[in-house]
Amino acid sequence: MHPKLKAFLKKTALPVYLELRGLVYKGNAVSCPCCKGSFTTFLPAGSDQRKIQCPRCRSNERDRMLWMYLDRHPDFVAPGKKLLHIAPEAMFYKRFKKIKGLDYTPADKFAETFESTYPEDTIYLDVVDMEGVKDNTYDVIICSHVLEYVKEDLQAMSEMLRVLKPGGVALIQVPLKAGMPVTHEDDSITDPAERAIVFGDPGHIRFYGEDYKDKLESQGWKTGFVPITALHSDEEIDRCVLIKTDDFHFCYKE
Ligand SMILES: [Zn+2]
């Protein structure tokens, strides 16, 4: 499909389709905090086709997790702050754009590529080398599920620390296999199908283990991971279909 037609349909037909799909699945088994809908089920998505996608807004587990955190902690992203949002997810982009007085920078390395689906004002930024961004620029960085695609992940951690203000906080989420002590990384696996099996996604190049914290700290971060179970009841986790073993990977610059 021509990219321009694709973009046009995405703007016009897709919202109607999703709204209708939300009605088809309207029910009372699961709830989505992002679109405030309740449904009979979420829909299969991702390489393992688990039922995690909201039929109406297409949120997944990690979107809902962050959305609920932002709902309950309005000071995290607030007016007067300078936010860097790497690989901006559309629903969070819309949310942040509505905050008056927030200095918001959506950014990604693939912002300008032909098939990019990022919002128009997303700037080009390589997380491994944020050339042109001064030290101590941002109050908050949100970088969710990016590092598992990045070969030089330690360098990216170091760059994010550099551009964050002292006293600032970064939320650097990655897929982390609870109970696995050491990150699994294997350069020899390049076939997307094999990567999907080994690392959970055709584009992932590693699966982080419990040493993720050590990697961040080796680059100068102070970490304060918060388990999702500390913030939500089991009922809430089940109802919103979140991952019980997930943590919020908060990282601080002293
Ligand atoms: Zn939803």
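Predicted model: local features only at pLDDT ≥ 70, side-chain atom pairs only at ≥ 80, totals over all residues.
The chain is divided into two parts, domain 1 (1–59) and domain 2 (60–252). Their C-alpha centres lie 23 Å apart. Where the domains meet, 13 residues of domain 1 are in contact with 17 residues of domain 2. On the domain 1 side, strand S1 (26–32) and strand S4 (50–53) are the elements that give two or more residues. The largest share, three residues, comes from S1. By class, this side of domain 1 has nine nonpolar, four polar and no charged residues.

| Core | Residues in core | Members, among them |
|---|---|---|
| Largest nonpolar core | 28 residues | Ile86, Ile141, Cys143, Met160, Leu164, Ala170, Ile172 |
| Second, separate core | 14 residues | Cys34, Phe39, Cys54, Trp67 |

Apart from its neighbours within four places in sequence, Met160 is in contact with Val127, Ile141, Cys143, Ala170 and Ile172.

Ala178 sits in the loop between strand S9 (164–173) and strand S10 (184–185). Ala178 counts as exposed because it has 12 C-beta neighbours inside 10 Å, and the cut-off for exposed is 12 or fewer. Ala178 and Arg62 are 116 residues apart in sequence, while their C-alpha atoms are 16 Å apart in space.

Definitions and conventions: Residues numbered from 1 in each chain as written. Domains from an automatic or database assignment. Contact = placed C-beta atoms within 7 Å. Helix = DSSP H or I, 4+ residues; strand = E, 2+ residues; numbered from the N terminus. Nonpolar A, V, L, I, M, F, W, Y, C, P; charged D, E, K, R; others polar. Buried ≥ 20, exposed ≤ 12 C-beta atoms within 10 Å, placed from the backbone. Core = buried A, V, L, I, M, F, W, Y, C linked by C-beta atoms within 7 Å.
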